[in-house]
Each structure stands twice: as C-alpha cells, then as structure tokens.
Amino acid sequence: MTRTLGITGGIGSGKSAACRILEELGARLFEADRVAKDLMERSVSVREAVMEAFGPESYTPALNRAWLAEQVFGDAASLARLNAIVHPRVQDAFAAAHEVAVCDRIPLLVHEAALIFEVDLDRVLDFVAVIDAPVSVRLQRVVARDGVTEVAVRARMQHQLPPEELRRRADYVIDNSGPLSMLHPQVAKLFRSVVAGGAP
C-alpha cells in the first residue's frame with residue numbers, strides 16, 4: 001500500500017532536508033512548487049489562464065516570474081486568483097503521481113509544498129508533517145541561503161499560516177531547530193510510523 005504524506009513548514013524550516021532523508025529511506029518525492037513552476041512555464045492552458053487574469057505582461061514571451069510576483073505578493077486577492085489557476089492542476093499531477101507510485105509499489109509518496117492547509121490539500125493526504133524551527137533560526141537560514149534581506153524573508157512568511165497554527169493542524173511535528181544530525185532520527189521515525197499507517 002502506498003501511503004501519502006504532506007511535508008510543509010515555514011520558509012527556512014528545512015522541508016527539503018527532511019524530504020531528502022525520506023527519499024533515502026525509500027519514499028518518492030512530489031515537489032509541488034517545482035511542478036507548479038513547470039506548469040506555468042510549459043502548459044498552454046495555464047499560460048492562457050494567467051495571461052487572461054494578469055495581462056500579456058505575464059509572459060514576454062517566457063514566464064515573467066519577477067513581474068508576476070510583484071502583482072501577487074502583498075495582494076491576497078491576486079494571489080488567490082493565481083493559486084486558483086495553478087493549484088488544481090498541481091493536484092491533478094499529484095493524483096497521477098500517486099497512481100504511478102501504487103503501480104511501482106512505493107511505500108510512501110511525499111507531497112512537499114509550502115501551502116497544504118491553506119489550499120485544503122490535507123483532505124487528500126493520509127498524514128501531514130510540519131517541519132518546525134524558531135523564526136529567528138529560519139530567518140538566518142534563508143538570509144544566508146538566498147542572499148536576501150530579513151525584511152524580504154518576513155514578507156514571504158506572511159503568506160503562510162502562523163507556526164502555531166501549522167503545529168496545531170499537523171499529524172506530526174518535526175523539530176528542526178538544531179543540526180542535521182538531530183533531524184535524521186526524527187524523520188526516520190516519521191517514515192516508519194506513516195508507512196505502518198499508525199497514529200502519531
């Protein structure tokens with residue numbers, strides 16, 4: 001049986017690191033943000049819908065990512081409009097990936113996404129795990145990783161649910177406030193529990 005697990009958490013929490021460990025343990029990874037990017041760059045129907053919603057400047061002729069980001073970030077209505085175009089197609093892609101994983105007898109299909117509860121994706125997943133770390137630690141990580149300002153990182157944080165709400169709604173909470181050596185055993189335990197189908 002192929003179980004499904006959502007991995008989410010605030011920016012800089014360590015979602016990717018946790019997913020790499022899960023892959024090493026035998027899970028298959030579905031990266032929602034990468035799939036969304038591919039759809040926006042390659043899907044004709046997505047391109048047409050985005051241009052209809054935001055104008056021809058959205059593609060010049062390739063996806064004008066920086067311009068589109070300016071239109072949606074800080075504007076909840078515009079962001080919701082973009083999500084309404086992209087997220088249903090990402091969910092279709094995940095459903096297809098799940099069918100393949102079942103055929104391949106993969107024990108666990110991991111759906112990594114910045115937004116899970118925000119787009120009601122938890123309804124179609126067996127479990128959701130939140131990777132958590134203090135805001136101060138996350139800020140340091142992203143500033144160092146992306147070479148951006150703390151102000152810019154905080155602005156991106158505003159588009160996700162508060163950490164306490166993520167923790168409240170999660171089936172599992174993984175503490176990634178320390179080094180990678182502390183993350184690995186927690187993720188290994190998560191893998192065993194979810195594959196077994198047991199309650200957290």
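1. The largest nonpolar core has 31 residues. A nonpolar core here is a set of buried Ala, Val, Leu, Ile, Met, Phe, Trp, Tyr and Cys residues joined through side-chain atoms within 4.5 Å. Buried means under 20% relative accessible area, exposed over 50%, and partly exposed in between (1.4 Å probe, protein chains only). The residues with the most contacts inside this core are Phe30, Met40, Val50, Leu68, Leu82, Val86 and Val90. In soluble globular proteins, nonpolar side chains tend to be buried together.

2. The model is predicted: local features need pLDDT of at least 70, side-chain atom pairs count only at pLDDT 80 or more, and totals for chains, interfaces and linings use all residues. Residues are numbered from 1 along each chain as its sequence is written, and side-chain values use heavy atoms, with hydrogens and water left out.

3. H5 gives the most, with seven residues. Helices (H or I, at least four residues) and strands (E, at least two) are DSSP runs, numbered from the N terminus.

4. Val90 is in contact with Phe30, Ala32, Val35, Ala36 and Leu39, leaving aside neighbours within four places in sequence. Contact means heavy atoms within 4.5 Å. A second, separate core has 20 residues, including Leu5, Ala27, Ala129 and Leu183.

5. Five strands form an open sheet in the order S2-S3-S1-S4-S5, with parallel pairing. Two strands pair if DSSP finds at least two bridges between them. S2 and S5 stand at the edges with a single partner strand each, so one side of each has no neighbour in the sheet. Neighbouring strands are turned by 25 degrees against each other on average, direction ignored. Axes are lines fitted to C-alpha atoms, for helices over the stretch in contact, and angles run from 0 to 180 degrees between N-to-C directions.

6. Strand S4 has a parallel partner in strand S1 (residues 3–8), joined by four bridges; Gly6 stands opposite Val128 in S4. Four bridges also join S4 to S5, again parallel, and Asp132 has Asp175 in S5 as its bridge partner.

7. Is S4 mostly covered or mostly uncovered? It is mostly covered, with six of its six residues buried. Phe127, Ala129 and Ile131 are buried on one side, and Val128, Val130 and Asp132 on the other.

8. Helix H1 (residues 15–24) lies across S1, S2, strand S3 (108–112) and S4, and runs at about 165 degrees to S3. H2 packs on the sheet and touches S2 and S3, its direction making about 50 degrees with that of S2.

9. There are two aromatic pairs. Rings of Phe, Tyr and Trp (its six-membered ring) pair if their centres lie within 6.5 Å; planes under 30 degrees apart count as stacked, over 60 as edge-to-face and the rest as tilted. Phe30 and Phe94 are edge-to-face, 5.2 Å centre to centre with 70 degrees between the planes. This pair links strand S2 (residues 28–31) with helix H5 (residues 76–103), across 64 residues. Phe30 counts as buried because its relative accessibility is 6%; Phe94, at 5%, is buried too.

10. Phe127 and Tyr172 form an edge-to-face pair, 5.8 Å centre to centre with 70 degrees between the planes. Phe127 lies in strand S4 (residues 127–132) and Tyr172 in strand S5 (residues 172–175), so the pair ties together parts 45 residues apart in sequence. Both residues, Phe127 and Tyr172, are buried.
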